[in-house]
Amino acid sequence: MAPVGPRSGDAIFSSIDRVNAELFTLTYGAIVRQLLTDLEEVEEVNKQLDQMGYNIGIRLIDEFLAKSGVSRCVDFKETAEMIAKVGFKMFLGVTASVTSWDADGTCCSIILEDNPLVDFVELPDTCQGLYYCNILSGVIRGALEMVSMKTEVTWTRDVLRGDDAYELQVKLLKQVAEEYPYKDDE
């Protein structure tokens with residue numbers, strides 16, 4: 001029997017159960033709206049969305065690894081490509097591209113071709129500092145931390161803020177050595 005290779009994001013997306021996109025978008029919008037009401041400060045909402053995303057990311061990586069058939073990536077560049085080509089397609093049904101690598105191969109940009117979280121969204125003047133999709137930066141950060149990569153993920157361009165694209169900058173801060181809870185000789 002031939003070994004099973006990694007599945008493409010399109011193949012995985014077509015084979016999993018999904019929630020109606022409009023329901024998902026409206027539910028996410030209601031969460032952001034409630035955070036704005038409860039926390040009142042836009043910067044606090046940004047932090048809370050990032051933390052929520054982080055919590056999702058540390059759990060989502062297990063599903064990603066189980067359903068994608070992806071083996072361990074050899075470096076950060078391969079990991080970023082896997083996030084863009086498989087992860088975003090698998091969970092959001094969107095395609096992303098990886099660009100703008102630095103010379104060290106530790107910092108890149110992920111550009112989303114589409115963003116289903118922002119359908120029906122217009123930011124009022126009082127929310128111009130809001131990174132509405134900050135949950136995505138937290139998801140990436142949390143998922144990468146679970147595979148031993150400490151990262152910093154920030155929005156560099158956002159259509160809701162007047163830019164021409166949705167762009168996340170992902171910077172590898174350090175590769176964390178894996179720790180095992182027990183020793184082999186015990």
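**Close-ups of helix packing and strand pairing**

**View 1. Helices α4 and α5 cross in a right-handed way.** Here, right-handed is when the near helix is turned clockwise from the far one by less than a right angle, and left-handed when anticlockwise. This is a predicted model, in which local features need pLDDT of at least 70 and side-chain atom pairs count only at pLDDT 80 or more, while totals for chains, interfaces and linings use all residues. Residues are numbered from 1 along each chain as its sequence is written, and side-chain values use heavy atoms, with hydrogens and water left out. Helix α4 covers residues 76-92 and helix α5 residues 134-146; they pack at about 125°, with their axes 12 Å apart. Axes are lines fitted to C-alpha atoms, for helices over the stretch in contact, and angles run from 0 to 180 degrees between N-to-C directions. α4 and α5 are therefore oblique to each other (under 35 degrees is roughly parallel, over 145 roughly antiparallel, 65 to 115 roughly perpendicular, and the rest oblique). On the α4 side, F76, T79, I83, F88 and L92 make the contact, and on the α5 side L136, I140 and L144 (contact means heavy atoms within 4.5 Å). By class, that's seven nonpolar, one polar and no charged.

**View 2. Helix α3 also passes α5 in a right-handed crossing.** The axes of α3 (residues 42-68) and α5 come within 6 Å and cross at roughly 40°. That makes α3 oblique to α5. The residues in contact include L49, Y54 and I61 of α3 and I135, V139 and M146 of α5. Sorted by class, this contact has eleven nonpolar, seven polar and three charged residues.

**View 3. Strand β2 is largely enclosed by the rest of the structure, as six of its six residues are buried.** Buried is under 20% relative accessible area, exposed is over 50%, and partly exposed is in between (1.4 Å probe, protein chains only). The strand spans residues 107-112. C107, S109 and I111 point one way from β2, C108, I110 and L112 point the other way, and all are buried.

**View 4. β2 pairs with β1 and with β4.** Strands pair if DSSP finds at least two bridges between them; strands are E runs of at least two residues and helices H or I runs of at least four, numbered from the N terminus. β1 (residues 96-99) runs antiparallel to β2, and four bridges join them. A96 has L112 of β2 as its bridge partner. β4 (residues 166-175) pairs with β2 in the antiparallel sense over six bridges. Here, K171 of β4 is the bridge partner of C107.

Conventions:
Ala, Val, Leu, Ile, Met, Phe, Trp, Tyr, Cys and Pro count as nonpolar, Asp, Glu, Lys and Arg as charged, and the others, Gly among them, as polar.
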